[in-house]
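Colleague: I would like to learn how to read a fold step by step. Could you take me through one?

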Amino acid sequence: MINADDLRLDGNAVGGLLGEIFGREMSTVRVVCAGCAAVKPIAALMVHRHGMGTILRCEGCDEMIMCITLIYGKYRLSCSGLYALELNAETH
């Protein structure tokens, strides 16, 4: 029997997926939680993966920061618990 803790990972587990979606390294990008205003890198979030998609949660207040699903060949991101993303500008 699988319990929820068996499906929980840290934010590094979605680095490749987010890199594919955003076209850049995302594990060091900082998020601001809409629930508790904590500012953390994506790598510090809790990740729950299952057949329906991937959920990233704040480790402080358990707010759902982002939900990622792949439906009919398209990624869908729900970011209801995300107040802001902090990305460094890339120089070319």
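This is a predicted model: local features need pLDDT of at least 70, side-chain atom pairs count only at pLDDT 80 or more; totals for chains, interfaces and linings use all residues.

Colleague: Let's start with the overall make-up. How many helices and strands are there in the protein, and in what order do the elements run from the N terminus on?

Modeller: The protein has 1 helix and 8 strands. Their order from the N terminus on is β-α-β-β-β-β-β-β-β. Of the 92 residues, 32% are buried. The accessible surface is about 5,900 Å², and carbon and sulfur atoms account for 53% of that area. As for contacts with a separation of 6 or more, 46% of them join residues 24 or more positions apart.

Colleague: Now the open sheet of 3 strands. In what order do the strands stand, and is the pairing parallel or antiparallel?

Modeller: The general idea is that strands of a sheet pair through backbone hydrogen bonds, in either a parallel or an antiparallel way. Here the order is S3-S2-S8, with antiparallel pairing. Strand S3 (39–41) and strand S8 (82–86) are at the edges and have a single partner strand each, so one side of each lacks a neighbour in the sheet. On average, neighbouring strands of this sheet are turned by 25° against each other, direction ignored.

Colleague: Over how many bridges do S2 and S8 pair, and which residue in S8 does Val31 stand opposite?

Modeller: Strand S2 (residues 30–33) pairs with S8 over 4 bridges, in the antiparallel sense. Val31 has Leu85 of S8 opposite.

Colleague: Next, the largest nonpolar core. Which residues touch the most other members?

Modeller: In soluble globular proteins, nonpolar side chains tend to be buried together. The largest nonpolar core here has 16 residues, and those touching the most other members are Leu18, Ile42, Leu56, Ile65 and Met66. Helix H1 (15–22), S2 and strand S6 (64–71) each give two or more residues to this core. S6 supplies the largest share, 3 residues.

Colleague: Are Cys61 and Cys79 buried or partly exposed?

Modeller: Cys61 is partly exposed, at 33% relative accessibility. Cys79 is partly exposed too, with a relative accessible area of 30%.

Terms used. Residues are numbered from 1 along each chain as its sequence is written. Side-chain values use heavy atoms; hydrogens and water are left out. Two strands pair if DSSP finds at least two bridges between them. Axes are lines fitted to C-alpha atoms, for helices over the stretch in contact, and angles run from 0 to 180 degrees between N-to-C directions. A nonpolar core is a set of buried Ala, Val, Leu, Ile, Met, Phe, Trp, Tyr and Cys residues joined through side-chain atoms within 4.5 Å. Buried means under 20% relative accessible area, exposed over 50%, partly exposed in between (1.4 Å probe, protein chains only). Contact means heavy atoms within 4.5 Å. Accessible areas come from the Shrake-Rupley method with a 1.4 Å probe; for residues, only the protein chains shown count as cover.
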